[in-house]
Amino acid sequence: DDSIHRARLQNMPWPEVVCFLGAKLARALDYAHHAGVLHRDVKPANVLLTGEGVPKLADFNISFSSKLEGATPAAYFGGSLAYMSPEQLEACNPAHDRKPEELDGRSDLYSLGVLLWELLSGLKPFEDVQVERSWTLTLQQMTERRKRGPAKHALKGCLNPQAPGLDDVLVRSLSAAVSERYASGSEMARHLELCLLPRTQRLLS
């Protein structure tokens, strides 16, 4: 019930709120992915909050649906560079041979990781500077920064002992290697929810 969520959120430290919102969004992406839909533009502007603080994923304008006859992954391909996974940046780069059809749901989960990192710390995990003389070089350098991974220590001071493991969840979601990320939105959601249950997490560890 939404009213229960609102009462709960009012008493949560900020890292716990991030876990709550992240888990809801991860499950929304899981639902979309199981329906054959990739969002491809997960970012703060595409997340709406109800009056009770429940997040709603919006704006599927550049999404791809494998269930839509005649649709191709290249159609309406795009997104917001700052929130893109390294493989999505490569697919946007005309100098790279990666194709839009090579992306899967783990690219959306990467974008969610960027969003949650920024929500937690107030800063994006990567500091991007556009190289004015070359669009291709800009994309290449952004990709290289993401392949080096985020600096986990940058989250120091943003965490809370009541939400242990949140930093590990975010770092894993931002892994440059697709195979090292969460396999599904439901898996990522479970780990975020576990951060809200320190005693259970300690038992499982």
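Visitor: How much space lies in the largest pocket?

Guide: Let's start with the general idea: rolling a probe the size of a water molecule over the atoms shows where empty space is left. In this predicted model, the largest pocket holds about 160 Å³ of space.

Visitor: Which residues line the largest pocket?

Guide: Its lining is made of Leu21, Leu25, Pro44, Val47, Leu49, Pro55, Leu115, Leu116, Glu118 and Leu119. By class, that gives nine nonpolar, no polar and one charged residues. Helix 2 (14-34), strand 2 (47-49) and helix 4 each supply at least two of the lining residues, and helix 4 gives the most, with four.

Visitor: And how many cavities of 30 Å³ or more does the structure hold?

Guide: One. About 30 Å³ of space lies in the largest cavity, and the residues around this space are Leu38, Arg40, Gln88, Leu103, Asp104, Ser107 and Asp108. Two of the lining residues are nonpolar, two polar and three charged.

Visitor: Back to helix 4, please. At what angle do helix 4 and helix 6 pack?

Guide: Two packed helices are described by the angle between their axes and the distance between the axes. Here, helix 4 (residues 105-121) and helix 6 (residues 166-173) pack at about 140°, with axes 8 Å apart. Helix 4 and helix 6 are therefore oblique to each other, and their crossing is left-handed.

Visitor: Which residues meet there, in helix 4 and in helix 6?

Guide: From helix 4 come Leu109, Tyr110, Gly113, Leu116, Trp117 and Leu120, which meet Leu166, Leu170, Val171 and Ser173 of helix 6. This contact counts eight nonpolar, two polar and no charged residues. Notice Leu116: this residue takes part in the helix contact and also lines the largest pocket.

Terms used: Residues numbered from 1 in each chain as written. Predicted model: local features only at pLDDT ≥ 70, side-chain atom pairs only at ≥ 80, totals over all residues. Heavy atoms only, no water. Axes fitted to C-alpha atoms, helices over the stretch in contact; angles between N-to-C directions. Parallel < 35°, antiparallel > 145°, perpendicular 65-115°, else oblique. Left-handed = near helix turned anticlockwise from the far one by under 90°. Contact = heavy atoms within 4.5 Å. Nonpolar A, V, L, I, M, F, W, Y, C, P; charged D, E, K, R; others polar. 1 Å grid on protein atoms, 1.4 Å probe; cavity = no way out; pocket = protein on both sides within 12 Å on 5 of 7 lines; lining within 4 Å. Points joined across faces, edges and corners; volume = space filled by probe spheres on them.
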